[in-house]
Amino acid sequence: MKYGRTYNFSAGPATMPEPVLEEIRDEMMNYRGSGMCVMEMSHRSKVFQQIIDEAEADLRELMGIPDNYKVLFVQGGATLQFAMIPMNLMKNGKAVYIETGAWSKKAIAEAKKYGEVIVAASSKDQNYSYIPDCSDLDIPEDTDYVYICENETIHGVTWPKLPNTKGHILVSDQSSMFLSKPCNVSDYGLIYGGVQKNVGPAGLAIVIIREDLIREDLDPKTPIYCRYDTHANAGSMYNTPNCWAIYVCGKVFKYLKSLGGLEAMARINEDKAKVFYDFLDQSKMFTGTVRKQDRSLMNIPFVTESKELDAEVVAYTKAHGFENLKGHKSVGGLRASIYNAMPKEGVEALVECLKKFETERG
């Protein structure tokens, strides 16, 4: 790491690719001869229109997004989508949700304000440490959509296989795994992600939605900003968008393309996650909290024998240059988020630090 930078294992806002940060630094005062920073320029300018157009084109190429899907850049992060999804997609007033952790639980609570929510499967019985079997869910015929959080940031579980929705629309929150591996967009009706975990700065969600799901016959009381047709019809510029976040995300898309795209990213992520999980599986002090086949490649929660020892680990790692290893306040323990931008050497260095701690504590 350069410039005295630390290894940052935060779950979000998270570490960014250094080549991207360097590019942003170089363009900060004068973006490509425009005489201004992107933060200063009008979103109606030709210069910014080119930025957002390139960002969308690069994202479409990275993910292989079909032509019949819209890409929307929406302010508010993933949490706003908890409400926007039922507002826009609950045509019959009924949806099936799978409860696999803190974020799907919050989405369920929000969706209940807009219609009937059927929790068809849950892993709450074992503190969200696994993905339930969803090969034969009880899904009523008039269900509008089936909702999953494909990677739970707090509990560190990820879906090894998508649920059998029995022909119903699949909606997925991919916030903490977005662009970490190839994705067959056609398997979904809607994919969304808050970008501050794996792609860019906080304050933006990217929504990828099949065109036939963008409705105009919504409740007239639906806030205009909370309608997908508002964003789709205005090219994500109904109002001033999060220009800075879109600009940075566009840089990250180009960076991922330069690495070889999502297939290459998946290999990199599998490789570095293996380093950490191999350590956990042989350690006598540290234990992973997730069933092996459901482990996230992005967020790795783990624990020691006590809260006190967990706190010692956090202090020790911080003193050795590793930041944000404290688990989420709702679950405690420890957590290492190793998103796309975390280099393998960062994971290896952390493992060596934890091994040293374990040896010293004997």
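Residues are numbered from 1 along each chain as its sequence is written. Because the model is predicted, local features need pLDDT of at least 70 and side-chain atom pairs count only at pLDDT 80 or more, while totals for chains, interfaces and linings use all residues; side-chain values use heavy atoms, with hydrogens and water left out.

Over to the pockets. A pocket here is an open set of points on a 1 Å grid over the protein atoms alone, where a 1.4 Å probe fits, with protein on both sides within 12 Å along at least five of seven lines; lining residues have an atom within 4 Å of a point. Volume is the space filled by probe spheres set on the points, which are joined across faces, edges and corners.

The largest pocket comes to about 330 Å³. Among its 24 lining residues, Ala-11, Gly-12, Trp-103, Thr-153 and Lys-197 are the closest to the centre. The second largest pocket holds about 270 Å³ and has 17 lining residues, with Tyr-255, Asn-340, Ala-341, Met-342 and Pro-343 nearest its centre.
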